[in-house]
Amino acid sequence: DWIMGDYISEAVERIRQQVGDEEVILGLSGGVDSSVAAALIHRAIGDQLTCVFVDHGLLRLNEGKMVMEMFAGQLHARVIHVDATAQFMGQLAGVSDPEAKRKIIGRAFVEVFKAEAAKLKAGTGGHKGATFLAQGTIYPDVIESGGAKSKKAVTIKSHHNVGGLPEQLGLKLLEPLRDLFKDEVRQLGVALGLPPDMVYRHPFPGPGLGVRILGEVKQEFADLLRQADAIFIEELRSTIDDVSGKSWYDLTSQAFTVFLPVKSVGVMGDGRTYDYVVSLRAVITSDFMTAHWAELPYSLLGRVSNRIINEVRGINRVVYDISGKPPATIEWE
Ligand code: XMP
């Protein structure tokens, strides 16, 4: 709309003023904030921006492909896709403690990003070298950075708004979303042409599927979980509630699938199966500090369960998590 258009031209002008003819690096996570920051900065300075997309192998089904299609394919932004799956999996092998897993993922993320940023800082073919690091810091991040509120707050910050990184890399900081609330960031994203489905997505934790595979993370588990989760999300999006006219995806605040590394017995055809279990988790919350489990329709739960068991070889049982927060947390780890 008109006001948003105005906002965009002012923001674009500010970025151009600040950056001049210098070059900018931005870490793209696939999340809303970094995506909107990238789209805005790209609008302002085009090829003076290079995005670095670190894929830790713990993203959802096709997420890496979608990020690349959107930024490289549609926006024609310079994006470097770093597939660091092997590195992350290697470092996670044998580790089952949730906080230890978070630390490893956060640390590996910074390592990989730093290595790419150092290359870009040095400059490559026709590029003289970056001097700015852009981050998708939004206003609530600025306020919160006063103190850690939860057991996970420190990790959340060290993973997302990589603290101290600009100084370590000797780069200046560019944070064009610093004054905006989440909802304004979303509106800006849509106005910049990002797909509404992407901009209005449920939150996804930085450590990704790493904290949704209980205990040790294995490639096989990640692959099974990705398929099951994609089915759950697809059914949530396509099932419309008669009363509100909204999809169950939009009626829930966060919904996902958790992989349980336990096997249980089942029957299929005339054979006995002995396969893994997944749990569906869907919550309704306004602040994520407390949450109710979502009263999803039985018909929807039934469809999801049938599809997962029939379509994902290796999973033969689906359960639904009916725990509130507190005492349970939203994630299982
Ligand atoms: P819990 O499980 O603590 O989750 O009830 C509350 C919200 O925080 C998200 N979450 C994380 N986000 N890094 C993140 O970026 C993390 O390590 C992390 N742990 C939990 C969770 O998805 C939910 O939205």
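Trainee: Which residues in H2 meet which residues in H9?

Mentor: In this predicted model, Val-32, Asp-33, Ser-35, Val-36, Ala-39 and Leu-40 of H2 meet Val-185, Arg-186, Leu-188 and Gly-189 of H9. By class, the contact of H2 with H9 has 6 nonpolar, 2 polar and 2 charged residues.

Trainee: How do you know that the span of helix H5 agrees with its number of residues?

Mentor: H5 runs over residues 98-122, which is 25 residues, and at 1.5 Å a residue these should span 36 Å. The end C-alpha atoms of H5 are 36 Å apart, and therefore the two values agree.

Trainee: Which residues of H5 are buried, and what follows H5?

Mentor: A residue is called buried if 20 or more other C-beta atoms lie within 10 Å of its own, and in H5 the buried residues include Lys-101, Arg-102, Ile-105, Phe-109, Val-112 and Phe-113. H5 is followed by Gly-123, whose phi is positive, near 90°.

Trainee: Why is Asn-62 counted as exposed?

Mentor: Asn-62 has 11 C-beta neighbours inside 10 Å, and the cut-off for an exposed residue is 12 or fewer, so Asn-62 counts as exposed. Its place is in the loop between strand E2 (49-55) and helix H3 (63-74), and its phi is near 65°, a positive value in a residue other than glycine.

Trainee: Is His-76 buried or exposed, and what is its phi?

Mentor: His-76 is exposed, with 11 other C-beta atoms within 10 Å, and its phi is positive, about 55°, although His-76 is not a glycine. His-76 is placed in the loop between H3 and strand E3 (78-83). Most residues other than glycine have a negative phi, and most peptide bonds are trans.

Trainee: Where are cis peptide bonds found, and what is omega there?

Mentor: A cis peptide bond joins Lys-325 and Pro-326, with omega about -15°, and the peptide bond from Pro-326 to Pro-327 is cis as well, with omega near 5°. Pro-326 is found in the segment after strand E9 (315-320), and Pro-327 also lies in the segment after E9.

Conventions: Residues numbered from 1 in each chain as written. Predicted model: local features only at pLDDT ≥ 70, side-chain atom pairs only at ≥ 80, totals over all residues. Contact = placed C-beta atoms within 7 Å. Helix = DSSP H or I, 4+ residues; strand = E, 2+ residues; numbered from the N terminus. Nonpolar A, V, L, I, M, F, W, Y, C, P; charged D, E, K, R; others polar. Expected span 1.5 Å × (residues − 1).
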